[in-house]
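This report describes a predicted model of a protein. Please consult the sequence and structure below while reading.

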Amino acid sequence: MYIIAEYLFIENFIINYAILQSTKIITRTKTTKGRIFITSTITALYPFALFFPSLSFLANFYMKIVISFIIVKLAYNSKSLVLYIKQLSAFYVISFIFAGASIGFYYFTNNYYNVLFKPDYLGGRFPIKYIILGVVLGGIMIKNMVHYYQEKLSKEKELLSVTVHLNNEKSSFTALTDTGNSLIEPLSKLPVFVVEYEVINNLLPKFIRETFEENKEDDFTVVEKMMEALKEEITIRIIPFKSVGSKNGILIGFKPDYITISNGDFIATHDDLLIGVFNGRLSADNQYSGLLNLRILNRGDLCVNEN
């Protein structure tokens, strides 16, 4: 059996590049085409190593898993473990979809008897045309599935750019609009916009910053003193909430001058709300730093961006 090196390299390069590029799109990873090109080139050389007896260990199951880990790291160089796992999962799913589509074309377009009972029917090689057709079909399938999934999620969740204004200072960050966030402050009935302390601390008085940095935001005695000391400077509220693993949690809240919300198509301003300060991370992959109450969007003053 003869193997033409150029064909073997091209076949592996095409499938690797398609998988890595698709994974980048689906996971919304920021990486360069050059990085994906280099990684695809390196991985296309992998089959040639198997022709050397001393490197035959690279063909075993566990080494293939290790190599796939390295491929994903080389292609995207993610600093977040959560994002890396997402990329790795997408890499495997897309690989299986492309492989399944290629094999499907192969079985549908060849004589079933020859496929099953004549091992030498294809001369020991899987024709590149089936790989290309599989990549095209797999790409169409993935695109349609992703479009459907994103369209469905867009009705419930959306990432928006938000700026909070207070006492001539401001803080800008990304927030998530989620139908599950309906938190309101019991006394004023104002909707609560939950924001990470790290992105809002530049707006807060020193007393509040010290409270959060010392992790005393749940100490009612400290919070009471803080409210008394700062009542002329900032409007502070205690906001009770319930969540998984926390039956009786509280947030320290304050009333901003106003906030602006934008997604490129519109800009909305709103001043009838409270900011609930959360001392931790709201997003495991750092995609957003606030949870935006839907009532805020519904009640804001809207300005459509005609550009």
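## Conventions

Helices (H or I, at least four residues) and strands (E, at least two) are DSSP runs, numbered from the N terminus. Residues are numbered from 1 along each chain as its sequence is written. In this predicted model, local features need pLDDT of at least 70 and side-chain atom pairs count only at pLDDT 80 or more, while totals for chains, interfaces and linings use all residues; side-chain values use heavy atoms, with hydrogens and water left out.

## Overall composition

The protein contains 11 helices and 10 strands. Of its 307 residues, 40% are buried; here buried means under 20% relative accessible area, exposed means over 50%, and partly exposed lies in between (1.4 Å probe, protein chains only). The accessible surface amounts to about 18600 Å², and carbon and sulfur atoms account for 60% of that surface. These areas come from the Shrake-Rupley method with a 1.4 Å probe.

A contact requires heavy atoms within 4.5 Å. Among contacts between residues at least 6 apart in sequence, 65% join residues at least 24 apart.

## Helix packing: H2 with H4

Helix H2 (residues 33-44) packs against helix H4 (residues 61-76) at an angle of about 155°, and their axes are 8 Å apart. Axes are lines fitted to C-alpha atoms, for helices over the stretch in contact, and angles run from 0 to 180 degrees between N-to-C directions.

On the H2 side, the contact involves Arg35, Thr39 and Thr43; H4 contributes Ile71, Lys73, Leu74, Ala75 and Tyr76. By class, the contact of H2 with H4 comprises 4 nonpolar, 2 polar and 2 charged residues. In this classification, Ala, Val, Leu, Ile, Met, Phe, Trp, Tyr, Cys and Pro count as nonpolar, Asp, Glu, Lys and Arg as charged, and the others, Gly among them, as polar.

## Helix packing: H9 with H10

Helix H9 (residues 206-213) and helix H10 (residues 220-229) meet at an angle of about 170°, with axes 10 Å apart. H9 and H10 are therefore roughly antiparallel to each other. Phe207, Ile208 and Thr211 of H9 make the contact with Val222, Lys225, Met226 and Ala229 of H10. The contact of H9 with H10 has 5 nonpolar, 1 polar and 1 charged residues.

## Residues with positive phi

Most residues other than glycine have a negative phi. Arg28, although not a glycine, has a positive phi of about 55°. Arg28 lies in the loop between helix H1 (5-27) and H2 and is exposed, with a relative accessible area of 58%.

Asn168 is also not a glycine, and its phi is positive at about 65°. The loop between strand E1 (157-166) and strand E2 (169-178) holds Asn168, which is exposed with a relative accessible area of 81%.

Arg237 belongs to strand E4 (residues 236-243) and is partly exposed, with a relative accessible area of 33%. Leaving aside neighbours within four places in sequence, Arg237 is in contact with Glu185, Leu251, Ile252, Gly253 and Leu274. Arg237 and Pro186 are 51 residues apart in sequence, and their C-alpha atoms are 10.0 Å apart.

Asn286 occupies the loop between strand E8 (274-278) and strand E9 (290-292). Asn286 is exposed, with a relative accessible area of 52%. From Asn286 to Ser80 the separation is 206 residues in sequence and 8.7 Å in space, C-alpha to C-alpha.

Notes:
Angles under 35 degrees count as roughly parallel, over 145 as roughly antiparallel, 65 to 115 as roughly perpendicular and the rest as oblique.
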